[in-house]
Amino acid sequence: MERDSVDRHVERWLPELPDLDPRSEGIVTRMQYIVRYLRRNKERVLKERGLQMGEWEILHTLHTQRELGEPYRAAPTDLADAVGVPPTTMTSRLDRLEGRGFVIRVHDSADRRRLLVELTDAGHAAWLSAMAGLDRGEKELLATLGADEQDRLADLLRPLMRHVDART
């Protein structure tokens with residue numbers, strides 16, 4: 001098997017950390033590097049489309065609401081909770097997205113004092129464009145593996161994900 005940068009990383013640390021488990025260090029470090037690579041790719045794709053990560057998270061969360069069916073809306077506080085930001089940060093992000101025509105604020109028909117955020121067709125189109133770019137990058141990365149290897153990798157990761165799911 002051809003060596004990679006993580007093999008060199010593990011070799012570098014073994015003399016310093018004799019109790020280091022090379023297998024687990026290699027696995028975890030590779031996963032971290034791959035996630036970092038995917039995150040940089042995501043930032044690049046979003047930047048090409050004039051989106052910041054925080055704006056993308058809002059569009060993505062609203063799209064999830066869209067998938068649940070009409071009215072494709074969420075309260076700003078629910079969005080803030082979903083993306084993990086304070087309400088004031090959410091307000092400024094929504095102002096930017098509304099200014100670009102990606103969302104609108106509407107009064108809740110059940111309580112006119114309450115505002116809801118709705119994904120517009122332009123916001124949906126921006127989300128679709130970003131998703132297409134992200135999909136291309138992910139497919140490019142995974143194309144280094146054959147279909148059988150991709151299936152095997154998915155099968156190997158599934159129990160790890162179940163472990164994470166059970167603890168979060």
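These exercises work through helix packing and core contacts in a predicted model.

**Exercise 1. Packing of α1 and α2**

Classify the orientation of helices α1 and α2, and list the residues that form their contact.

*Solution.* 

Step 1. Two packed helices are described by the angle between their axes and the distance between the axes.

Step 2. Take the values. Helix α1 spans residues 5-13, and it packs on α2 at about 135 degrees. The axes lie 10 Å apart.

Step 3. Classify the angle. Roughly perpendicular covers 65 to 115 degrees, and roughly antiparallel needs over 145. The pair α1 and α2 is therefore oblique.

Step 4. The crossing of α1 and α2 is right-handed.

Step 5. List the residues. From α1 come Ser-5, Val-6, Asp-7, His-9 and Val-10. From α2 come Pro-22, Glu-25, Gly-26, Thr-29, Arg-30 and Tyr-33.

Step 6. Sort them by class. The contact of α1 with α2 has four nonpolar, four polar and three charged residues.

**Exercise 2. Thr-29**

Decide whether Thr-29 is buried or exposed, and find its contacts beyond four places in sequence.

*Solution.* 

Step 1. Locate the residue. Thr-29 sits in helix α2, residues 22-48.

Step 2. Apply the cut-off. Buried means under 20% relative accessible area. Thr-29 has 4%, so Thr-29 is buried.

Step 3. Find the partners. With neighbours within four places set aside, Thr-29 is in contact with Val-6 and His-9. Val-6 and His-9 belong to the α1 side of the helix contact.

**Exercise 3. The largest nonpolar core**

Identify which residues touch the most other members of the largest nonpolar core, and which element gives the most to this core.

*Solution.* 

Step 1. Pick out the residues. The core has 24 residues, and Leu-59, Leu-62, Leu-79 and Met-90 touch the most other members.

Step 2. Two or more residues come from each of α2, α3 (53-67), α4 (76-83), α5 (87-99), β3 (111-119) and α6 (121-142). Helix α3 gives the most, with five residues.

Step 3. Beyond four places in sequence, Met-90 touches Ile-58, Pro-76, Leu-79, Ala-80, Val-83 and Val-85.

**Exercise 4. Ile-58**

Determine the burial of Ile-58 and its contacts beyond four places in sequence.

*Solution.* 

Step 1. Locate the residue. Ile-58 is in helix α3.

Step 2. Check the area. Ile-58 has a relative accessible area of 0%, so Ile-58 is buried.

Step 3. List the contacts. Ile-58 touches Leu-79, Val-83, Met-90, Arg-93, Leu-94 and Leu-97.

Step 4. Look further along the chain. Val-103 is 45 residues from Ile-58, and their C-alpha atoms are separated by 9.5 Å.

Conventions: Residues are numbered from 1 along each chain as its sequence is written. This is a predicted model: local features need pLDDT of at least 70, side-chain atom pairs count only at pLDDT 80 or more; totals for chains, interfaces and linings use all residues. Side-chain values use heavy atoms; hydrogens and water are left out. Helices (H or I, at least four residues) and strands (E, at least two) are DSSP runs, numbered from the N terminus. Buried means under 20% relative accessible area, exposed over 50%, partly exposed in between (1.4 Å probe, protein chains only). Contact means heavy atoms within 4.5 Å. A nonpolar core is a set of buried Ala, Val, Leu, Ile, Met, Phe, Trp, Tyr and Cys residues joined through side-chain atoms within 4.5 Å. Axes are lines fitted to C-alpha atoms, for helices over the stretch in contact, and angles run from 0 to 180 degrees between N-to-C directions. Angles under 35 degrees count as roughly parallel, over 145 as roughly antiparallel, 65 to 115 as roughly perpendicular and the rest as oblique. A crossing is left-handed if the near helix is turned anticlockwise from the far one by less than a right angle, and right-handed if clockwise. Ala, Val, Leu, Ile, Met, Phe, Trp, Tyr, Cys and Pro count as nonpolar, Asp, Glu, Lys and Arg as charged, and the others, Gly among them, as polar.
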